[in-house]
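User: I would like to learn how to read the core of a protein model. Please go through it with the structure in view.

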Amino acid sequence: GDPFIFGRGGEEVLYFRERGIDPVVVPGISASLAAPLLGGIPLTHRGVSNQIVICTGYGREGTSPDLIRYHPEQTVVFLMAIGRLRSLSQRLMEMAGYPGDTEVGIVEKAGCEDQRTLRGNLNNIADLAEEYEIVPPSTIVVGGVCAVLESGMLEKKDGLKGLDGTVVDLAESKSVEILKGEVERLKEELAEKEARLEEMK
């Protein structure tokens, strides 16, 4: 991920600099961007969302961070918030002006073989997450974009229900075969490089 987005990357850089070491920061892609993409949720979409807000579920010393007021063309991504999903949903509706039928998507274990995507709305997402036993690490997306690609994105099977309570296993997605192929290709390249290094010794 990105060590500077709700991580301790900045703190660690300062720590080492104070001790005369200038560390190299390896850039990564934040789960706030990668997880929704893997879950089939575009964070922006023409006519649906033109802005993205990234929030943490926990403030300093376990406090709840201030919430961004509702805007119909806004996508909000919450990291490290699945443990507060029920209270977060209530606060968004009661304190930030979000309609109860605002779409919500949760991408659980993004990029792993057992990745799942759960879809619902603010009224029912906490109950659905309990029903399907959603666990960390999970990325929560709030906004109309959660429904944009739902239709026709995956080959559906018996037991899946529309927007209210759809659970999608990563293995069902046609894009997974592309990802797996890329992983295998990279493995082969790595093996070839390791073999060359051995020959050079």
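This is a predicted model: local features need pLDDT of at least 70, side-chain atom pairs count only at pLDDT 80 or more; totals for chains, interfaces and linings use all residues.

User: How many helices and strands does the chain have, and what pattern does the chain follow?

Analyst: There are five helices and six strands. Along the sequence they are arranged as α-α-β-β-α-β-β-α-β-β-α.

User: Which residues have the most contacts inside the largest nonpolar core?

Analyst: In soluble globular proteins, nonpolar side chains tend to be buried together. Here the largest nonpolar core has 24 residues, and those with the most contacts inside it are Phe 78, Leu 85, Leu 92, Ile 106, Leu 118, Ile 140 and Val 142. At least two residues of this core come from each of β1 (51–56), β2 (74–79), α3 (85–95), β3 (103–108), α4 (125–131) and β5 (138–142). A second, separate core has eight residues, including Ile 41, Leu 43, Val 77 and Cys 146.

User: With which residues is Ile 140 in contact, leaving aside its neighbours within four places in sequence?

Analyst: Ile 140 is in contact with Val 76, Val 77, Phe 78, Ala 81, Ile 82, Leu 85, Val 104, Gly 105 and Ile 106. For the chain, 64% of the contacts with a separation of 6 or more are between residues 24 or more positions apart.

User: What is the count of disulfides?

Analyst: A disulfide is a covalent bond between the sulfur atoms of two cysteines. With a cut-off of 2.5 Å between cysteine sulfur atoms, the count is zero.

User: Are Cys 112 and Cys 146 buried or partly exposed?

Analyst: Buried means under 20% relative accessible area. Cys 146 is at 1% relative accessibility, so Cys 146 counts as buried. Cys 112 is at 37%, so Cys 112 counts as partly exposed. Of the 201 residues of the chain, 36% count as buried.

Notes
Residues are numbered from 1 along each chain as its sequence is written. Side-chain values use heavy atoms; hydrogens and water are left out. A nonpolar core is a set of buried Ala, Val, Leu, Ile, Met, Phe, Trp, Tyr and Cys residues joined through side-chain atoms within 4.5 Å. Buried means under 20% relative accessible area, exposed over 50%, partly exposed in between (1.4 Å probe, protein chains only). Helices (H or I, at least four residues) and strands (E, at least two) are DSSP runs, numbered from the N terminus. Contact means heavy atoms within 4.5 Å.
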